[in-house]
Every structure is written in C-alpha cells, then in structure tokens.
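Dear colleague,

Here is the structure that I promised to hand over, and below it I have set down what was found. Please keep it open beside you as you read.

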Amino acid sequence: MRLAKRKLKNAIVTYEIENTNEQRKPTGRLTRLAKGLVILALLILVMRLVFFSGPYQPVAKRYAEPIFDMHCHTAGIGAGGSGCFVSKELRNNFRFNIYLKAFGVTLAEVEAKGDQLLIERLAKRVEESERVGAAIILAMDGVIGDDGKLDRDRTEFFIPNEYVAKETAKYPNLRFGASINPHRPDALERLQWARDNGAMLVKWLPSIQFIDPSAKSLEPFYRKLVELNLPLLTHAGAERSFTHARDELADPVRLKLPLDLGVKVIVAHTASTGENAGEEDIDRLIAMLETYPNLFADISSMTQINKLGYLQKTLAEKKFEGKLLYGSDFPLINTAAVSPWYFPLNLTREQMQTISSIENPWDRDVELKEALGMPVAIFAKPAEFFGITWPTVGETPAN
Ligand SMILES: [Zn+2]
C-alpha cells in the first residue's frame, strides 16, 4: 500500500515537473524556431551566393517605345447587360476572388456598375503605364454543342465579341481580340463581323472550348482567316487557369493544318507546361518553328511561378528568334502567381524589391521581364506584327 502511495506521489511529482516544462516549452520552441530560421536564412544566402547566375540573358538597352500588349483578358458576370457569364463551378472556385482582386474591382462594384467597369479600370491602368501604350482585350467564346448552340453547361467563362468590340472602341488604348468557336454554324460570318468591327486576331483556347485544330472540317474557317488576314492566337500546353481542360487538344502539332493553309498562328506562352505523346509541348513547338515562317509565339504568363524554367529555355532557344511577341496575360500578372521574389538566383535583392514595389501591373511586368534579360526585339514585335504606329499624345492610335 505504502509502495503504491509512493509510486502515486512520484507520478504526481513527475507530472508536475513535466507540466512546468510544458509551460516553459513555448519560449523554448520559439527560440529553436528562431534559431532554425536564422540558419535557414543563412543557408539560403550562402546558396544564393554560390548559385546566383544573374539574368537569363545579358540585359539589353531599355526599350524606349511604348509597348503593344497583344494578350490581355477581361471577365464578366453578366452585370450591366454585358452578356458575359462565369459558370457556377468557376464562381465557387477560389480563383474567382483572386481574379476579381487582380482586376482591381469588388463583386459589389461590378454588380452595381456592370462588367464594363473592368474594361474601364483596365484602360485606365494601361493609360497610367509608362511602358505599355495599348493592349488587345480578348473575347472568349464557349463550348458549342451538337445542336450548334452555345453549351452553357460546359462553358466556364464566356465573353461575347459584341461586348468586347463595343467596350474597347470607347478607349484609344484598347483593341478588340475576337474569339470564335469554329463549330458555330455561322462561324465564317462571325469572322467577317469581327474583322469589320476592328478585330486584330482570333483567340482560341482549344482545351477549354473543345476545338481540335487538326480537324479537316475546320479548313473553311482557316481559309477565311487567311482571306481576312486575321492571325490565330491559340493556347497550347497545359491549362490550369480553369477547373477542367482537355490538354490533348492543346498539342502544338495539331496546328500544322492551319499553318499549312497559311494562317498566321501565335502559340500562347510558347506552349509551356504541357506534354503530348511523351514529349513536352514546348519541344513539339520548337521542332515546328523552322518549317513555318507563319508560326509565332507569345511570352505571356511566362514569369508565373509554375513556368520559370520555360522562360529561360525560350530565351535561350535560337529558333524562337524573331518569332516572340510580348503579351502580359493580364490579370494573371497581377496575382500571387507572378512575383520578382521568385527569381532570387537571377535578380539582386534590390531589383526584386524595386520591381515588386511598382504599382502599375504592366510596368511591373515589363520591368521584371526586362531585368530577366528579355531582349528588346520581343517588346518591339507586337507593334510591328499588328502594324501599330504610335500617335502623338492625345491622338487615337492608328493601325
Ligand atoms: Zn491568356
């Protein structure tokens, strides 16, 4: 009995000691955590000193002309009679709020003032930009069902051409980028309409709009593009900005049909991130560059954290020379997916700090790409490609 009592007493004492330790622990843990963090920071510093390699390419002279951004998005929920819509799925997705924030609007504002507010804010920010002078705003067609009608259930995100054409016409620094699903029964008339209403290109997202660019049935559409001299800006590579995608349709090799027919094709973000037939999509694109003088690519969204290696590869690839166009992929450049802090081995701390403190999303984007060594030719290319000549202040840009 006495033994049992002693054991119990010992147990209580042990418990009390442990408990006291338990109370002390948080400070001890914090100290350990702080020590750990200091060691980690030192390690990162040392690694940086050892592995710092500077910009991907030698930094060229700053491009002095205004830049023409050929790849910008808008969005809409249908407010203000825009005709836009976002699927319930995307609306409930975490990305929806990120996008709204990136556009610099709140849902309440959009509901009150209409989707037009997004384009108004966009035009203002481009106007405020010291580097970008004008931008193409892209419409976004949806999935077309077997009945030839827009399949709203399978369309995540819809921005009508009529809406973008009308809104961009209000601002001298915005241009209309059409989007036409070739499966629409009146696709050719729509192409003509787009051209007559100032469209500078036609944008496809094959993996989202369920378009197979290699389908023979699309030949009339391609011939009409050639006739109207409308380039096709098409997404290739994996698509992660939406909730689901059919990535096999984004294989660059499927673009051989329009290329053979003479369509000017611009492959968005150099087909980075996807793969098909056991090969990286970007490699499948590179293999086609020399064959087709009418094949181009844009570098939009390539500073995103998930594409870092691709930007370096693209800039180093000689076959891309003369074929790359600057695009921002706004609003993505204005989200946490893009930051100069993701380039600690290529930018100095001062550069990362200076660039991240730039308020204007386009200026920040250009400065970041420039600091990484993107050559002047890429910034100059869109204006040349689309025949943009810069006006003196106050005039409407001509093309
Ligand atoms: Zn885009």
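The buried residues of helix α12 pack against helix α11, which covers residues 281-289; please bear in mind that this is a predicted model. Helix α12 itself takes in residues 308-316, and its buried residues are Y310, L311, T314 and L315. Seen down the axis of α12, these buried residues fall within an arc of 130°, so they line one face of the helix.

Is V366 buried or exposed? V366 counts as buried because it has 26 C-beta neighbours inside 10 Å, where the cut-off for being buried is 20 or more. If its neighbours within four places in sequence are left aside, V366 is in contact with I67, R131 and V132. Y63 stands 303 residues away from V366 along the chain, yet the C-alpha atoms of these two residues are separated by 9.8 Å.

As for the protein as a whole, it has 15 helices and 12 strands, and of its 399 residues 44% are buried. Among the contacts with a separation of 6 or more, 75% are between residues 24 or more positions apart.

Definitions and conventions. Residues numbered from 1 in each chain as written. Predicted model: local features only at pLDDT ≥ 70, side-chain atom pairs only at ≥ 80, totals over all residues. Buried ≥ 20, exposed ≤ 12 C-beta atoms within 10 Å, placed from the backbone. Contact = placed C-beta atoms within 7 Å. Helix = DSSP H or I, 4+ residues; strand = E, 2+ residues; numbered from the N terminus. Arc of directions from axis to C-beta.
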